[in-house]
Amino acid sequence: MQINLTKWFNFFFVSALIWLLLEGIFRKWLLPSLTVQLFAGKYILFSITYLLYFYNNPKIRKPKYLFQFFFIFFTLWCIIQIVNPKMKPPILVTIFGYINHLFFIPIFFIAPYYFKTLKSIDSLFRILAYISIPIFILGIIQYSLPMDHFLNKLANDEQGAARISTYMRSNSIFTFVKNFNSYLLFTIPMFISYIFYRLELRKSVFLYVILIFLGIVNSFITASRLPIFLLGTFLILQIIYIYFRISRLRKTILILSLLSIMLGTGFYTTNETFQLSVNNFIYRVNLVEHFAEQGVEGYSAKDRIIDRLTIFKFSEEAGFLGFGIGTTYQGTGFYLNKKRPDIKFEEEGERVVLELGVIGGVIAILFRLSIFLYGLSLLLKSNNIYINLFQIFLILQLIPPLLFLNNITVSYIDASLYWLSFGLIISLNKIESSLA
């Protein structure tokens, strides 16, 4: 009997993507005693997916675009870290470093192998919409429950719950608030684009309008400043792009924008949960800024943004080579902290430079910049309205990692969504070329 490897590739790729979303359900509630083993599930599923893909596509194509060259440079720089002479960390630390920096990158070139038509991408967005219904509802329910309630249980008993006063900062089915924020930052702009896509096809958009409102409520419930700022920026840029690029949608945008403002205002004044979440978010922002005024460094929004943007803060300590890949990873006990307790780090950019050195930091920046510029070039040259509507929200997903405003190194949700977004951009370009 002949085995259909393409069919198995499709199965494992879809399973891996679904597991990324559902992992928290098992780790928090169904099988909490196996939380460490379950954490490895996604790596197993993606590893099988990669093996099936490379078995079906053994031919390695010559690099053609700038981002492909930087992908090679970045990968090689990570690999040679195994002989980094500065700190000589244990091999386990190095292996985890490889996983953090490189494991999810192949998603961007296997995604076009699966998403070959607009119908397949349309199906992805519809499935995410249906999955988002219980995810968003659960987030709102958690907010009104006591912090010790079963639904507010965390994957790690030693992990402190994030809260504002007596209210839980909901994480829905995810293990961390930041993972839920990453999901919201991906899906809400996706629903915006999908609404206009469906309007062009003269299909109902009621469900997706509801999901946007529920998603925004959940964003305020998480009370995370940067994700809410990024979400607002994304939505504004998205609307501006559609307004000026797709002229026949201008009247629709104006009408929908006006209705959204009216409905949002009405929803805020009549819905106690939404009103409470917004007020608590404002309270948290004011409280944090108050701490900053008292001289607590790192609390203010300005301090946090500066920390994230100044990735070469520890360039003198790290040098050209860095301390070794994986040395800042919490999963191996912050190996660098044990050796150099004087270095206090948190943000992704700082970690990249500390691990890979100034040279690695520069390569990482150029790699991400080349990805963004390539995606932007595809967006600007595209003339297909349906392709445009999908591309714009995906391009926006490439901006935060470019500025090191989120963490695609040690956050598997951020990493998988980043590389999936880039893979879908490439898929859309191939789809448009096939339609020409």
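Analyst: A residue is buried below a cut-off: under 20% relative accessible area, with over 50% being exposed and the range in between partly exposed (1.4 Å probe, protein chains only). The model is predicted: local features need pLDDT of at least 70, side-chain atom pairs need pLDDT 80 or more, and totals for chains, interfaces and linings use all residues. Residues are numbered from 1 along each chain as its sequence is written, and side-chain values use heavy atoms, leaving out hydrogens and water.

The structure holds 60 aromatic pairs. Rings of Phe, Tyr and Trp (its six-membered ring) pair when their centres lie within 6.5 Å; planes under 30 degrees apart are stacked, over 60 edge-to-face, the rest tilted.

Take Phe13 and Phe115. Their pair is edge-to-face, with 6.2 Å centre to centre and 70° between the planes. Phe13 sits in helix α1 (residues 5–30), and Phe115 in the loop between α6 (107–114) and α7 (118–143), so this pair ties together parts 102 residues apart in sequence. Helices here are DSSP runs (H or I, at least four residues), numbered from the N terminus. Phe13 and Phe115 are both buried.

Now Tyr53 and Phe109. This pair is tilted: 6.1 Å centre to centre, 45° between the planes. Tyr53 belongs to helix α3 (residues 41–56) and Phe109 to helix α6, so distant parts of the chain, 56 residues apart, are linked. Phe109, at 21%, counts as partly exposed.

Methods. Helices (H or I, at least four residues) and strands (E, at least two) are DSSP runs, numbered from the N terminus.
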